[in-house]
Structure formats: C-alpha cells, structure tokens
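Please examine the sequence and the structure shown below before reading further. The paragraphs that follow lead through selected parts of the chain.

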Amino acid sequence: MANLKDNYDVIVIGGGMGGLTCGTLLAKQGLDVLVAERLPRPGGYCSSLRDEGFSFDPAVGILEGCDKGGVVYQTLTELNVERELELIKLDPANRVAGTDFDILVAAREEGFEDDLKRLSPGEGESIHLFLEECKALYHEMALVSAGSPDLMGLGQKIGFMKDFLLKCSHLRKYSAKSAREVTHSFFTAPKLRAVMHGVAIFLDPDTQASILMNIIGMAANEDICYPKQGGVQALPNILVKALERNGSQIALNTTVNRILVEKGRAIGVELEDGNQIRAKYVVSNIDGKHTFLKLVGEEYLSPKFIKELNTSKIYGSVVSISLGVDMDFRAIGIQSSDLSYCPTNDIGELFSGQPEKSGLMVRLHSLLDSTQAPLGKSTVGIVACVSPITLINYWKLDKDGQKGKEYEAVKENVAGKLIASVEKVVPGLSEHIVYKRIATPITFEKATLNSEGSAMGWYPLPGGKMRSQKTPIKNLYQAGHWTFPGGSVPAVVASGRNAAQLILKETQ
Ligand SMILES: Cc1cc2nc3c(=O)[nH]c(=O)nc-3n(C[C@H](O)[C@H](O)[C@H](O)COP(=O)(O)OP(=O)(O)OC[C@H]3O[C@@H](n4cnc5c(N)ncnc54)[C@H](O)[C@@H]3O)c2cc1C
C-alpha cells in the first residue's frame, strides 16, 4: 500500500471515472487529494484487463462525450491533457443485426435513415420524425447536464428552470416515458423497434426513453469513440497521471470501511486495516446503499432517507464474456468493431432472460487496436443485456452467498448459449476459442461492490426524481452513477465535476 498521510483536504472513496474526475479537478485547483481504490487498477467499470496476450474491456467498451463540447473532452481540456487521449471515431458507430435485418448506425445519418425506411417502407415519416426527436434531445441533454442546479445562485436557477421549460421540451416529454412505450408509439414493425433498442441493447427498455434517444442522437452526431491504444483504461490512466502531477495521490488496493462522522459532519475515513485518515471533505464514488448504510451508519440518517435507500430500484447487471479466438477478423472481411445482435424482434423476449433470445452487444475491438490480440488472433467481447439472467439470484449461490458447484454450471450453460447466439454474426466462433473469461453479476458485485453488480447505479424510472451530489451529511458529497445524472462515463464525469465544484465553492 502507498505511504499515506494522516490528513488530506479531500478523500475520494473509489477510483471510478466519477471519483477520478472529481479528485483530479480538485488537485488541479491546489487541493491535497487522496483517492482510495480497493482494486489494483484505477477506473472502476472503465478499465481493461490483459491476459495471455489478449486485452479486454469487460465493462465500458466505448467512450461518448469525447467530442469537442462533450463533457469528457471539456474535463480533459480543463486539465490540459486532452492531447494525451488519442481516439478513433467509430464510423459506423454500431451495426445492429437481427434475423431479418443488418443495419449500420452510421454517422452518415442519411444512410441510416434510408436503411430504416427500406426495412419498413410504410413508416418513413415516423422514422424521420423519431430521428429528428433523438437529435433534438441529444442537444437538450448537453444543455441541462452542463451544471448542477446545486451550484447555481437564485438567478441562475431561475434561468436554468426557464431553459428547461422553454428549450427542453423533448427531454421533459421523453424522460416521463419508458423507451419501450416510445418505440411502440412511433413504430408498428417489430423489426424497426428491435433496431432502435438494438442501438443501445445494453439498456433496459423500461428506463426513461430519453436515455435511449440520447444514445441514438449521439450516434447520429458522431460522438462515439475508442482509444487508439490501451483500451478504455487509457482514460482513467490519464486522469491518474494528472492527479499525481498536481501533487495528489491514489492509493490502490485500499478499501475504505467507514466514513468518520463527528457532530453530523464527515471528518475522514477508516481503512480496512483500521488506519484512520482525516479530511476536510469526503467524496463517495461508490455504491449508494453501501455509502450510507455501511460506511456512514444508520444512526446518522433520517428514517425517511434510510427507507428511500432500501426501496429505490437499482439498475440491473449484465453478463460479460471475454474471448480470445484464433481467427483473423480483418482477413475474413469482418469490418464493424461494435455490433448489437437481436435473436428476436420481440422486445419482451429480447429482455426476457432466455439466453437464446437475449439481446447481445458484441465487441471486436482488436479490429480497432491490433495490439489487443497476438498476430492472427482476435478478441470478442459479448455483453448480454439487462434481464432476469442478470439478476443476482439467477446464479444459484449457496446459503452464505458464496459461489457453489451449481454456480459454475449455470455460468457455463448461459455462456454457451450466448456464444452460440453470436455465431449468427461471427460464424464458427465456438470452434476457435482459445481463451475465455466470464463475468456474471456476482463477479461485478465482488469486484466493485456495486449492489447486485449494478451496471449503472440507481434505476432511471420514467418521471424519476433528480438526485444531487450533496448528501444529508455535511462535508460528504457523492460522485458517480449513484447520483445525478446517472450511469455511463459522460454522466459520471459530469457528476464528478459537479462534486468538485461544490467543494471548491465551499472552500472559496
Ligand atoms: C458491462 C458494462 C458495460 C458498460 N458499458 C458502458 C459503455 O460502453 N459506455 C459507458 O459510457 N458506460 C458503460 N457502462 C456504465 C458505466 O460503466 C458506469 O455507469 C460508470 O463507469 C460508473 O462509474 P462510477 O465512477 O460511478 O463507478 P464505478 O466504475 O463503479 O467505480 C467505483 C469504484 O469504487 C471502488 N470501490 C468500491 N467500494 C470501495 C471501498 N469501500 N473502498 C475503496 N474503493 C471502493 C470500486 O472498486 C470501483 O473501482 C457499462 C457498465 C457495465 C457494467
């Protein structure tokens, strides 16, 4: 473990993208920051693994918001490190394939629109209108996620509310509805609906429609990228270097067990080894329930707040399979690095939890960065969308919550069926596997301590309330996907910025 001081200005618990953003921005402003991360590498879900010559990104697989004007780009620019992240723009952003369609979601947006119209010729007008709504919503999203109302004075707050009411009609309308409701209201052909959900097959169809529509808007705005080298790990690594260059510190393999509270305010943390470290401010970048119910303790919280923590819905997890194969995709003419596969056009079935029918995200990222696989070989990442197979109780843990014999059998069985499904887009895949690693919701929960292996924190229910980086405990803030504005790298970067600005506002 790194040499730690007894005192810091700020301790950030968790080195995911939300925590690293917050810590690095504060370090740049001269504050003495410690980021405590329990894993041996930074980034949380935004990280890459290297094993037996293959590199994989088991969770975050693509980066959004890195274009000029995007929140990731803005943050890197503020830290003067934007040139350190060399990116490849994904064009096509995605390929969505099914039993009776195969479509490129290209930045050349007319191509995408025309292809959709060919799929269902009678629905041209609805297709055009829907894509226009997605693009408008993408721009409105940028407007509201630029700053937290917590940071605004009264005048700014009134301006923000006015903008929200007058300029964000799409966002208001589609945040109140579910994605499933909206695709069903726009389109009648099941395959059109499947394509639209396929663009973000990872996304639960019962979440706010605005999330799906924002992703479709991003694809049409060419804002989907991948690092030229180093996988998605390149991004947190750049932040760590900037943090250290500014005189602050990250302690890896360091678990925080308790947030110290005195007279209603956070005064530091206690580590797993019992070491207590003081700080003027503490930022939690970790699981929302864990932060308050375990690290703070119920004695400091109101019954209403505890009830809210215990009853709020949590976003589901996923199954992620990393394969090394002795196939050369480039040589056999496979071009799209990222594709979604829909084994059925029925949205209910795609998210029903039957592995044979589950919607899949397939990443062939050695096509983007040839150093990710040995010569003549390739990588395949498969992520099965949120559904009952991604619920923690599907995996048959034993009574003590440990992985038993049954767990291994269920895992192999599910993975086998998912791989068989991917063979429809990568023929012969199962005969060429030379490396396999399977991550289930249990793997994600054990590694990151996100409750139930949640992929995106609190569930964005249609019409759900907006959370804040502020907490009921003075000097304790939150960053990451258990706070506003929710899951995904751009969202947690925005939350880390908000948390940093709230602390800076207090210190000035
Ligand atoms: C399979 C999968 C695919 C995804 N794909 C994408 C994608 O392509 N693009 C995208 O934008 N988003 C994607 N997401 C969502 C995105 O990964 C998350 O919303 C985001 O990365 C969360 O960042 P975070 O900073 O909130 O926290 P996390 O990434 O969860 O990081 C929290 C960190 O805190 C550490 N920690 C926990 N408890 C403690 C403790 N007590 N002490 C010290 N450290 C602790 C954990 O080890 C972890 O490193 C994906 C998620 C998953 C699971």
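Is Glu52 buried or exposed? Glu52 is exposed, its relative accessible area being 59%; here buried means under 20% relative accessible area, exposed over 50%, and partly exposed in between, with a 1.4 Å probe and protein chains only. This comes from a predicted model, in which local features need pLDDT of at least 70, side-chain atom pairs count only at pLDDT 80 or more, and totals for chains, interfaces and linings use all residues. Residues are numbered from 1 along each chain as its sequence is written, and side-chain values use heavy atoms, with hydrogens and water left out.

Glu52 belongs to the loop between strand E3 (49–51) and strand E4 (54–56). Helices (H or I, at least four residues) and strands (E, at least two) are DSSP runs, numbered from the N terminus. The phi angle of Glu52 is near 45°, a positive value in a residue other than glycine.

Strand E1 (residues 7–13) presents another picture. Six of its seven residues are buried, so E1 is largely enclosed by the rest of the structure. E1 pairs with strand E13 (residues 276–284) in the parallel sense over six bridges; two strands pair if DSSP finds at least two bridges between them. In E13, Tyr281 stands opposite Val10. E1 also pairs with strand E2 (residues 33–36), in the parallel sense and over four bridges, and there Val33 is the bridge partner of Val10. From E1 the chain passes through helix H1 (residues 17–28) to E2 in a right-handed β-α-β crossover: with the strands pointing away from the viewer, the path from the first strand over the helix to the second runs clockwise.

In soluble globular proteins, nonpolar side chains tend to be buried together. A nonpolar core is a set of buried Ala, Val, Leu, Ile, Met, Phe, Trp, Tyr and Cys residues joined through side-chain atoms within 4.5 Å. The largest such core has 103 residues, of which Val10, Leu26, Val33, Leu116 and Phe130 touch the most other members. Helix H16 (residues 489–507) supplies the largest share of this core, nine residues. Apart from this core lies another, of 31 residues, including Ile321 and Val422.

The loop between strand E19 (476–478) and H16 holds Pro485. The peptide bond from Phe484 to Pro485 is cis, with omega near 0°. Ser488 lies in the loop between E19 and H16; Ser488 has a positive phi of about 100° although it is not a glycine, and is partly exposed, with a relative accessible area of 31%.
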